[in-house]
Amino acid sequence: MRRNRSTLLALVAAWTTLACAPPEAKVFSAPPFDPSDESNDTISSVVAAAAGSPVRGLSNRQMQAFTQGLGVFSTPFTAENGLGPLFNSNSCAACHDDPTLGGYGDSVEVHVSAFQQGAACKTLGETGGPVVQQHSTDALGGVPEPTPDGATGPPGLRTTPVIFGLGLIDAIPDQTIKFLARIRYPDGVHGRAAILPNGRVGRFGRKAAVADLLEFNAGAYFNEMGVTNRLNPVEGTFAGTPFAPGVDPAPDPELPDASLAATDAFVRLLSPVAPVPFTDEARRGRSLFRQIRCTSCHIPVLLTGRSQNPALRFRLIRAYTDLLLHDMGPAEADMCNGVATPSEFRTQPLMGMQFLDMFMHDGLSETVPEAIQRHGGEAAVIRDRFFSLTPSDQAALVAFVMSL
């Protein structure tokens, strides 16, 4: 325990020292702290558990909320109690195929926006954006939503996100993310914090357009199922035209506050999954991951802040992300969202990679090397380092990533 406490204090000291350093000193070849350099599996301060488990240290009331939330997460909606009229799925679990295993799935949805260089991103909410729902209730004839007028660029295809550890991601201080944006790595990597109009730092979604987990969860009910709630109280439209009377029979808001709170508790308290025990190959791959500086963006460990929940307070999380926006190059550009331009994406956390069989934001990469090949822009130098490795070393690095 003393060693673990020392490790935690070392991390705090590292952040504090670097945060006080002059701007010209903010160039590093590796993250300031990386527990994966140590014996990794002996650092009990890092939060991890079997897939589907809650974080440790919950009260009886929190455990009840977690269990209740899983039930709400898995319950289908119908038109009579709020589904639609436009929707992608009829329950959270319909996309997040197995919520007890982190909610990964193979669904791909369509996002659109309008972007002009130098102007604010328009998510076209008045005419059906940013999520284009692929289904509708019988009252609308079951037809998909049309693409909103004014959409620019290719649509953004988005896979179902893994939901491991999102409560801990929510508890990472804005100041930490802003600090990481001050680091300029010698290979040209320099992300930026997604500072939203309300002053908060975005961290959820592939474009980091949402700062708050409750807002993110409430938005999923509205955008994916057409279920209104206290944060999204007004029904959408069909291509900008309000729904006719009777098309949506459920009174707004359709999701009771208690159900939203329960869902939020389940997602917020779901633990990050423990990595698969490393083979010798994966351990070698872990060293190569650092050596070619994948850690410039996929920072192995982050520290949460002063959460109101003691179970989420000052905890280390193997996030493998800096939660910053990075320019991935013109080949990956699709839609804008929040403050992110079409070519900018938030560094995807690598928690739960062991469960995935489709990669990148659109799921179009079938293997990790295919996904790495698409890392352009800021990541191009690191991408090229990966492909300069021997086939054996490439396989080792992939084995490590697929253990997470």
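Is S365 buried or exposed? S365 is buried, at 2% relative accessibility, where buried means under 20% relative accessible area, exposed over 50% and partly exposed in between, with a 1.4 Å probe and protein chains only. Welcome to a short tour of this predicted model, in which local features need pLDDT of at least 70, side-chain atom pairs count only at pLDDT 80 or more, and totals for chains, interfaces and linings use all residues. Residues are numbered from 1 along each chain as its sequence is written, and side-chain values use heavy atoms, with hydrogens and water left out.

**Overall picture**

- The chain has 11 helices and 14 strands; these are DSSP runs numbered from the N terminus, with helices being H or I of at least four residues and strands being E of at least two.
- Of the 404 residues in the chain, 55% are buried.
- Among contacts (heavy atoms within 4.5 Å) with a separation of 6 or more, 70% join residues 24 or more positions apart.

**Around S365**

- S365 sits in the loop between β14 and α9 (368-373).
- Beyond residues up to four places away in sequence, S365 touches M358, F359, M360, E370, A371 and R374.

**Cysteines**

- The whole structure holds 1 disulfide, a term for a pair of cysteine sulfur atoms within 2.5 Å.
- That disulfide joins C121 and C336, with 2.1 Å between their sulfur atoms.
- The torsion about the S-S bond of C121 and C336 is about 85°, so the disulfide is right-handed.
- C121 belongs to the loop between β3 (108-111) and β4 (131-132), and C336 to the loop between β13 (325-327) and β14 (344-346), so the pair ties together parts 215 residues apart in sequence.
- Both C121 and C336 are buried.
- C92 is in no disulfide, and the nearest cysteine sulfur, that of C95, is 8.9 Å away; C92 is buried, with a relative accessible area of 12%.
- C294 is likewise in no disulfide, the nearest cysteine sulfur being that of C297, 9.1 Å away; C294 is buried at a relative accessible area of 14%.

**Helix packing**

- Helix α8 (residues 280-291) and helix α11 (residues 391-401) have axes that come within 7 Å and cross at roughly 95°; axes are lines fitted to C-alpha atoms, for helices over the stretch in contact, and angles run from 0 to 180 degrees between N-to-C directions.
- α8 is therefore roughly perpendicular to α11, on a scale where under 35 degrees is roughly parallel, over 145 roughly antiparallel, 65 to 115 roughly perpendicular and the rest oblique.
- Residues of α8 in this contact include R284 and L288, and those of α11 include D393 and L397.
- The α8 and α11 contact divides into 9 nonpolar, 2 polar and 4 charged residues; Ala, Val, Leu, Ile, Met, Phe, Trp, Tyr, Cys and Pro count as nonpolar, Asp, Glu, Lys and Arg as charged, and the others, Gly among them, as polar.
- Helix α2 (residues 60-74) packs on helix α7 (residues 257-269) at an angle of about 105°, with the axes 7 Å apart, so α2 is roughly perpendicular to α7.
- F66 and V72 are among the α2 residues in that contact, and T263 and F266 are among those of α7.
- The contact of α2 with α7 has 10 nonpolar, 5 polar and no charged residues.

**Nonpolar core**

- In the largest nonpolar core, which has 80 residues, Y221 and L397 touch the most other members; such a core is a set of buried Ala, Val, Leu, Ile, Met, Phe, Trp, Tyr and Cys residues joined through side-chain atoms within 4.5 Å.
- α11 gives the most to this core, with 6 residues.
- Leaving aside neighbours within four places in sequence, the contacts of Y221 include V72, C92 and T263.
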